Amino acid sequence: MTDNGWDNFGQQILDRVDDAIRYGDFSNLSRSVGNIINETIDAVRGQGGAYRQGPQGSRYGNGGWQDSGYANRGQQNPYHENAAYRGGQSTQPVLYNQYPGGRVLGILMCVGGVLAALIFGVLFLAVALVSFGDPFVIAIAAFFAVLTALSVALAVAGTRKIRFLGRYQSYVHMLRQRVNVPIRELADRVGKSIEYTVRDLQKMIDKRLFYQAHIDRVQNYLILTDEAYNEYRAAQNEYAAQEQQREREQARQTQKEQAEKEADENLPPECRALIEKGQSYIRHIHESNEAIPGEEISAKLDYMERVATRIFDVVRAHPEVAPDLNKLMSYYLPTTQKLLDAYRELDSQPASGEHISSTKREIEETIDTLNVAFEKLLDSLFEDQAWDISSDISVLHTILAQDGLKEDELKSKA
């Protein structure tokens with residue numbers, strides 16, 4: 001291949017890359033570059049002389065001119081794939097005015113205002129120096145003074161317009177290939193404060209320089225598309241709802257802890273000590289659950305935490321069952337703590353061999369066994385209460401029967 005051929009090959013790839021970056025569409029870039037590379041390789045091999053180099057990289061075969069060999073291989077020409085780009089059209093929506101007018105007008109206003117201010121200023125001085133108290137001459141001097149002030153205002157307006165458009169170009173330069181940007185970055189770009197930049201951007205949005213842009217004044221973001229803004233607002237609303245839910249849960253937890261604290265103050269000292277120790281074990285279970293990433297063991301520990309919490313809630317309401325927790329406090333919970341510490345250590349190892357995996361499985365099975373034990377213990381705490389309720393119901397039925405108020409006796413009397 002000649003040097004010009006290699007140059008054309010490189011230029012074609014550069015053109016594809018440039019088009020992809022310019023229009024933000026990389027969907028066909030890999031295929032286009034691959035096609036160009038295949039074409040070039042075929043040209044180097046010469047295809048056994050079956051094709052001869054034609055104008056603009058085309059080759060002439062038995063069937064006539066074929067555009068870069070794509071027709072022969074049944075592939076689409078990347079020039080046709082990127083025809084929209086070649087024609088200056090983009091698949092992406094136009095988000096801002098790429099060629100805003102008014103810069104020339106601003107320059108004319110600035111230059112014209114300065115020249116007019118100089119002319120009218122000189123005339124004002126000249127007339128003012130020869131007025132000598134003549135009302136007519138003073139009126140003319142005042143007229144030139146007004147024209148001078150208006151000319152200065154025109155020059156200032158032109159300068160502001162030029163600077164305004166200059167800042168707009170700076171913003172646009174930072175927004176290429178982005179649909180949102182922190183306003184802090186834009187402010188730093190133009191050397192202005194965030195408040196000034198927000199007002200500046202809002203003015204540009206009002207002037208339709210940005211077609212779909214929105215300003216989030218809470219987080220100080222400029223968002224260029226309606227779709228991105230709607231997604232952003234939905235995410236914000238979801239986050240706000242989650243925050244409110246967390247606050248409500250925190251408030252309920254605080255109220256619960258306060259109620260438990262007040263209830264614990266009325267408990268016997270040994271019962272309070274038992275509950276405090278039990279709470280420390282429950283916190284350890286919770287912390288271990290947070291540190292262990294596995295979903296299956298996490299579910300097991302969630303359940304264990306709930307059952308253990310319920311056990312101590314029963315103790316708080318019925319201190320007389322505290323002696324039934326001897327095995328729980330002296331063996332079950334301390335063993336659970338040791339097992340969880342060992343599991344966390346095994347889980348933190350960089351490599352997991354068969355020995356580590358089997359040990360972790362064994363610990364998980366032991367946690368299942370402990371959960372069953374906790375369930376039975378919780379159920380046993382309600383045994384006396386269930387017996388008392390059953391006795392009360394039996395006595396109630398006896399009294400109702402004695403008074404003739406049971407349903408079967410009422411029917412027999414009827």
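This is a predicted model: local features need pLDDT of at least 70, side-chain atom pairs count only at pLDDT 80 or more; totals for chains, interfaces and linings use all residues.
Trainee: How do strands of a sheet pair?

Mentor: Strands of a sheet pair through backbone hydrogen bonds, and the pairing is either parallel or antiparallel. Here three strands form an open sheet, in the order β4-β6-β5. The pairing is antiparallel.

Trainee: Which strands stand at the edges?

Mentor: β4 (180-182) and β5 (214-216). Each has a single partner strand, so one side of each is left without a neighbour in the sheet. Neighbouring strands are turned by 20° against each other on average, direction ignored.

Trainee: How many bridges join β5 to β6?

Mentor: Three bridges join β5 to β6, residues 221-223. The two strands run antiparallel.

Trainee: Which strands does helix α8 touch?

Mentor: Helix α8, residues 183-190, packs on the sheet and touches β4, β5 and β6. The direction of α8 makes about 65° with that of β4.

Trainee: And where does helix α10 lie?

Mentor: Helix α10 spans residues 226-265 and lies across β5 and β6. Helix α10 runs at about 25° to β5.

Trainee: Now the backbone angles. What is phi of arginine 208?

Mentor: Phi of arginine 208 is near 65°. That is a positive value in a residue other than glycine. Look for arginine 208 in the loop between α9 (194-206) and β5.

Trainee: What is the relative accessible area of arginine 208?

Mentor: Arginine 208 has a relative accessible area of 48%. Exposed means over 50% and buried means under 20%, so arginine 208 counts as partly exposed.

Notes
Residues are numbered from 1 along each chain as its sequence is written. Side-chain values use heavy atoms; hydrogens and water are left out. Two strands pair if DSSP finds at least two bridges between them. Helices (H or I, at least four residues) and strands (E, at least two) are DSSP runs, numbered from the N terminus. Axes are lines fitted to C-alpha atoms, for helices over the stretch in contact, and angles run from 0 to 180 degrees between N-to-C directions. Contact means heavy atoms within 4.5 Å. Buried means under 20% relative accessible area, exposed over 50%, partly exposed in between (1.4 Å probe, protein chains only).
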